Amino acid sequence: MSKNTILLIEELTPNECNLVQESTQDGKTHYLSGIFMQADLKNKNGRVYPLSEIASAVESAKTRISEQNGIMGELDHPQSLQINLDRVSHVITELWMQGANAYGKAKLLNTPMGNIARELVNSGVKVGVSSRGAGNVNESGGVTGFQFITVDVVAQPSAPHAFPGSVYESLQYAKNGHNIQTLAEQVRHDEAAQKYLKKEILKWLSEGIFQKK
């Protein structure tokens, strides 16, 4: 990377990415699909990704998906190029171009963060996506040399007023949040924790913990 290369995080709200949940017939495997990146459009950060940059990133990602059996992504807002294994929630299995949009499909994993993402979606919580990469940005906001890292799932885009409510932020800071976090850490290996994870998150939702303060 050149010395002018910077971290680039671009978020799409639920209405922008239009994520659709899919599952296998046995209901054991869940996917999210929708728009993962957009080209030729000035985003909320004032940046524009030329179609050629997004298309090139998608082709490069396809190679990584083939070689690595997918690209891992996280839940919430990572602020580095490194993928933190303890926060991985999904793996991107497909990426393709459709017009100026890069569409993708991601498999939700049986990890603590993957289970949280799954239960939030199953409970009707709208989630968005956030692409993560690096590149150069000129004075007019044009991006060049874009190096795609991954797409993360976000329960609340960081852009002010992107959509109401603070779902995952509340999960982090709610008064009794430690109980849910502990349960999430146990859920992969503890059948009892798996049984009660959904119950506890639904309880949070019903008690209004996620309502905007």
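K105 is buried, with a relative accessible area of 18%. In this predicted model, K105 forms a salt bridge with E22, and the closest N and O atoms are 3.8 Å apart. The two residues belong to distant parts of the chain: K105 sits in strand 6 (residues 101-108) and E22 in strand 2 (residues 20-23), 83 residues apart. E22 is partly exposed, at a relative accessible area of 32%.

**Other salt bridges**

- The count of salt bridges comes to six.
- E10 and R47 are joined through their side chains by a salt bridge with an N to O distance of 2.5 Å. E10 is in strand 1 (residues 6-12) and R47 is in the loop between strand 3 (30-38) and helix 2 (51-68), so this pair ties together parts 37 residues apart in sequence. Both E10 and R47 are buried.
- In helix 2, E59 and K62 are three residues apart, a separation of about one helical turn. Their side chains meet in a salt bridge of 3.4 Å, N to O. E59 counts as partly exposed at 44% relative accessibility, and K62 counts as partly exposed at 35%.
- A network of salt bridges links E74, R132 and D152.

**Surroundings of F146**

- F146 lies in strand 8 (residues 143-154) and is buried, with a relative accessible area of 9%.
- Leaving aside residues up to four places away in sequence, F146 touches L8, M37, Y49, E53, I54, A57, G133, A134 and G135.
- The C-alpha atoms of F146 and N136 are 7.1 Å apart, while the residues themselves are 10 apart along the chain.

How values were computed:
Residues numbered from 1 in each chain as written. Predicted model: local features only at pLDDT ≥ 70, side-chain atom pairs only at ≥ 80, totals over all residues. Heavy atoms only, no water. Helix = DSSP H or I, 4+ residues; strand = E, 2+ residues; numbered from the N terminus. Buried < 20%, exposed > 50% of the residue type's maximum accessible area, 1.4 Å probe, protein only. Contact = heavy atoms within 4.5 Å. Salt bridge = Lys/Arg side-chain N within 4 Å of Asp/Glu carboxyl O.
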